[in-house]
Amino acid sequence: ERIDAMQIFLIAGEKSRAASAFPEAQFFFARGIFLIRDEVDWKDNYRMCVDCYSKAAETAALTGDYEKMDEWLNIVLLRSKELDDQLRAYYIRVKALASQA
């Protein structure tokens with residue numbers, strides 16, 4: 001049930017972000033993150049965990065919440081197993097830094 005709820009929050013966040021409802025999207029992604037419990041979730045549901053954190057970070061940057069963005073990206077960088085996921089995290093960070101300049 002918890003994993004199903006995480007999937008629902010991820011989808012709701014994606015739909016909110018597509019509608020440019022960024023605060024709502026960040027809320028949904030954060031709820032998905034809240035449901036991630038331990039190493040088992042990262043092992044068994046790796047893609048969903050990375051997506052929740054990465055999309056939450058990207059949305060946080062769009063709302064100007066750079067502190068949350070950094071927190072979530074640091075977790076992605078710490079836990080990621082794939083180079084593409086790390087590159088995505090760095091890309092989000094660079095885009096956010098460019099938008100602040």
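The dialogue below treats helices, the core, single residues and cysteines.

Tutor: We begin with a caution: this is a predicted model.

Student: What span does helix H2 reach from its first C-alpha to its last, and what is expected?

Tutor: Helix H2, residues 22–34, has 13 residues and reaches 18 Å, close to the 18 Å expected at 1.5 Å a residue.

Student: Which residues of H2 are buried?

Tutor: The general idea comes first. An α-helix has 3.6 residues a turn, so residues three or four places apart point the same way. In H2, the buried residues are Ala25, Gln26, Phe29, Ala30, Gly32 and Ile33. They cover an arc of only 155 degrees around the axis, which puts them on the same side of H2. The face turned away from that buried side carries the exposed residues Pro23 and Phe34.

Student: What covers the buried residues of H2?

Tutor: The cover includes helix H1 (2–18), helix H4 (46–63) and helix H5 (66–79).

Student: Is proline 23 buried or exposed?

Tutor: Proline 23 lies in helix H2 and counts as exposed because its relative accessibility is 54%, where the cut-off for exposed is over 50%.

Student: What is aspartate 85 in contact with, leaving aside neighbours within four places in sequence?

Tutor: Aspartate 85, in helix H6, counts as buried because its relative accessibility is 4%. With neighbours within four places in sequence left aside, aspartate 85 is in contact with Tyr46, Arg47, Val50, Val76 and Ser80. Aspartate 85 and arginine 47 are 38 residues apart in sequence, and their C-alpha atoms are 9.4 Å apart in space.

Student: Which members of the largest nonpolar core touch the most other members?

Tutor: In soluble globular proteins, nonpolar side chains tend to be buried together. Here, the largest nonpolar core has 27 residues, and Trp42, Tyr53, Met69 and Trp72 touch the most other members. Two or more residues each come from H1, H2, H4, H5 and helix H6 (83–100). H4 gives the largest share of this core, 10 residues. For tyrosine 53, not counting residues up to four places away in sequence, the residues touched are Ile33, Ile36, Trp42, Trp72, Ile75 and Val76.

Student: Is lysine 55 buried or exposed?

Tutor: Lysine 55 is placed in helix H4 and counts as buried because its relative accessibility is 12%, the cut-off for buried being under 20%. The side chain of lysine 55 makes a polar contact with the side chain of glutamate 14, at 2.3 Å. Once neighbours within four places in sequence are left aside, lysine 55 is in contact with Leu10, Glu14, Arg17, Phe29 and Arg88.

Student: Where is asparagine 45 found?

Tutor: Asparagine 45 is in the loop between helix H3 (39–44) and H4. Asparagine 45 counts as buried because its relative accessibility is 18%. Its contacts, apart from neighbours within four places in sequence, are with Ile3 and Val40.

Student: How many disulfides does the structure hold?

Tutor: The structure holds 0 disulfides. The cysteine sulfur closest to that of cysteine 49 is in cysteine 52, 6.9 Å away and therefore too far for a bond. Cysteine 49 counts as buried, at 0% relative accessibility, and cysteine 52 is buried too, with a relative accessible area of 1%.

Definitions and conventions
Residues are numbered from 1 along each chain as its sequence is written. This is a predicted model: local features need pLDDT of at least 70, side-chain atom pairs count only at pLDDT 80 or more; totals for chains, interfaces and linings use all residues. Side-chain values use heavy atoms; hydrogens and water are left out. Helices (H or I, at least four residues) and strands (E, at least two) are DSSP runs, numbered from the N terminus. The expected span of a helix is 1.5 Å times one less than its number of residues. Buried means under 20% relative accessible area, exposed over 50%, partly exposed in between (1.4 Å probe, protein chains only). The arc is that of the directions from the helix axis to the C-beta atoms. Contact means heavy atoms within 4.5 Å. A nonpolar core is a set of buried Ala, Val, Leu, Ile, Met, Phe, Trp, Tyr and Cys residues joined through side-chain atoms within 4.5 Å. A polar contact is a pair of N or O atoms within 3.5 Å; within protein, one must be able to donate a hydrogen and the other to accept it, and residues adjacent in sequence count only if both atoms are side-chain atoms. A disulfide is a pair of cysteine sulfur atoms within 2.5 Å.
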